[in-house]
Amino acid sequence: MKKKMIFSDFFKNNGVVMGCLLIGLVSFWLIFLIILPQLSMLDYSFRFNLPPAEVGGPKDVYTLSNYEHLIYGSDTTHQTYNTVDLKVFVRTIIAAMLVTIFNIFLCYPLAYFLGQSKGSGFVRLLVVLLIIPYWINEILRAFALRIIFGDSGLLNEALMFLHLTSEPIDFIRQDIALYAGLGYAYILLMLFPMYNVIESLDRNQIEAARDMGASWMRIHRRIVIPHAKPGIVSGATMVFMLSAGALAAPQILGGPSSLWFTQLVYQWFNDSLNWQQGAAYAIVLLASTIIIVLTVMKIFKVNMGDIGK
Amino acid sequence: MSSGVAVDLENITIRFGDFTAVKDANVNINGGDFFSFLGPSGCGKTTILRAVSGFLEPSEGRVLIGGNDMAGIGPNKRPTALIFQNLALFPLMKVWENISFSMEVAGASAAERRKRADELLDMIALGGQGDKLPSELSGGQKQRVAIARALCANPDVLLLDEPLSALDLKLRQHMRTELREIQQRVGITFIYITHDQGEALTMSDNVAVMKAGVIDQIDTGHNIYDDPATPFVASFVGENNVFRGKVKSISGNEAVITTNRSGDLLSRITPAQVGKLAVGDDAMMFIRPEALELAPRDADSKTTISANVINEEFEGNSFSVFLQGDGGKQIKMSVPNLGQDRISVRGENLSLRYDASNAVTMPAGELASE
């Protein structure tokens, strides 16, 4: 009943032609650009990697072997685990979570400041300054960070000049450059949803709480954060999903010994030309991140609808 | 019933950059008073309230609450509670959590808070509604929750920033009575900000009328209505007919002014301006619409005005007759409806009279803009 109302209102507001066009475009986007390609990847992930001649032949049957490979490796007896790939998987998920948490703590004060000093010219300038670096392409930004974090990069030079260290620190091998790069790559996706919700907070509520004697800590805990929760979760969702699925930053900023799970996927597709195996790995990553996001939303009592606000 | 805590503003001036929002305000508010600041928007009344609540420090002067200088004491440490224009209830907290927020801040247990909140809910006739969210309440109920929330901390002074302005007319009038009753029950000092003279006059013990950062008059509502100190107060509070002229003669506290259109008119000099008018000065005389009546043939010409009728409106309890006045201004006469069919005919020339004691003269000055 309620759904029906939404649709009739939608057509009333937009007209039949425009309404059909909008629905058509959204459906095209969803079906042809998202659902069908993902379904074909899902299909791939359950098939053997066969030579072209045998595709569609009697050997082309569904199998779980691609998924088994992630868990048990090439050992078909299932005696040992594929510790290398599983470690990379767990590390990727945990590191993406840490990057997300780090971004939350970094962006919250900034978003609060931006959101509460409404519309002043200075704030608009700050926002523009935050956006402009993102005009530069992702790979270039990653290489720039690599230079900054390099042995004789800006950061090491500065640290040594200030006598904070005598030897250059190997930021790349210790993955500091990688985390910084991932954090930096998606930080605006955290900042802007937070900024938007905090900007919509009525300043009088903060003053009312202050008038009743609340400390700044309590004002944030009881008033600002509950209000900003949808924005925080929506930003966190995007940063987590994109960090876990990032490729450029790990490729360029990752240490020689550390792999990101997406790099494994990339290797299966590109180096081993085993799309079926790559698809299985990608599906596992996708499903895990979705489950994690839904769980976190459940824990923090945020609905899907809140995120869209 | 406490006797209430006095609030004194001593030579308060508040500047924002080059702009002076409040200029040299001196106000003594008695403990337990319902005191209103009345003025058009932008006159600085909210600024004064923010200085009392501690959200801003005056550029000059002192705020004393109960005789204690409040300089350097933040809003969270002052014995005041503020009710915001938009109420600023916390939308994500239940009603009882809203009401008891000040106790939560003070570290009271949930049971204590709930008990106190329920008591206050009973007081504002919202018993049993504590578990709702503010969005589930009506406008008037939200209003009462905001009052209960402010009273929960047992403040010495309650500050109200136009809290009724968002309500519809009926509810607003009802809440006036209710606010006044609550104030008398709890016995604390209320400082009320409004641009609505009806609210100020009905609820307040004393009213300060403000114009562009300056307090023009502080007095009881009755005196402000009957003896306005300045042309601004006379024209801002209630309806008034203004007659401009030059002072012709003064005897005691009565003066005769010569107007262009209506000849010589006799009236009282408003008490605040006695001794400040001299013969030949530009003056303004004010007569309320209800103080005018149709003149008998033998009326004294110094208290009669002759003018042509422009229009007549039936208001239910009264007739409003609009007549051609000085300088394009209309003269309004209000005649109670005692069963007459009509008072006048359009274009008719009427003679109106008034009692000299019901009209006030003062030096010419700025009027409230319509």
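Me: Which residue's side chain meets that of Glu104(B) in a salt bridge?
Reply: A salt bridge here is a side-chain nitrogen of Lys or Arg within 4 Å of a carboxyl oxygen of Asp or Glu. Glu104(B) has such a partner at 2.7 Å, N to O. Glu104(B) lies in helix 3 (residues 101–106) of chain B and the partner in helix 11 of chain A, so the pair joins two chains. The residue is Arg222(A).

Me: Before we go on, what kind of model is this, and how are things numbered?
Reply: Residues are numbered from 1 along each chain as its sequence is written, and chains are lettered from A and ligands numbered from 1 in the order in which they are written. Side-chain values use heavy atoms, leaving out hydrogens and water, while local features need pLDDT of at least 70, side-chain atom pairs count only at pLDDT 80 or more, and totals for chains, interfaces and linings use all residues, the model being predicted.

Me: Which residue of chain B also meets Arg222(A) in a salt bridge, at 3.6 Å?
Reply: The count between chain A and chain B is four salt bridges, and a search over all chains finds 26. The one at 3.6 Å, N to O, pairs Arg222(A) with Glu97(B).

Me: How much area do chain A and chain B bury between them?
Reply: Buried area is the accessible area (1.4 Å probe) that two parts lose on being put together, summed over both. Contact means heavy atoms within 4.5 Å, and 16 residues of chain A touch 22 residues of chain B that way. Asp211(A), Met212(A) and Arg222(A) supply 38% of what chain A buries, more than any other three residues. Carbon and sulfur atoms give 56% of the total, which is about 1,800 Å².

Me: Which element gives the most to the side of chain A that touches chain B?
Reply: Helices (H or I, at least four residues) and strands (E, at least two) are DSSP runs, numbered from the N terminus. Two elements give two or more residues to that side of chain A, helix 10 (203–211) and helix 11 (216–244). The one that gives the most, with seven residues, is helix 10 of chain A.

Me: What about inside chain B: how many salt bridges cross between domain 1 and domain 2?
Reply: The bounds, from an automatic or database domain assignment, are 7–226 for domain 1 and 231–363 for domain 2 of chain B. Their contact takes 14 residues from domain 1 and nine from domain 2, and they bury about 960 Å², 67% of it on carbon and sulfur atoms. Across that interface, the salt-bridge count is zero.
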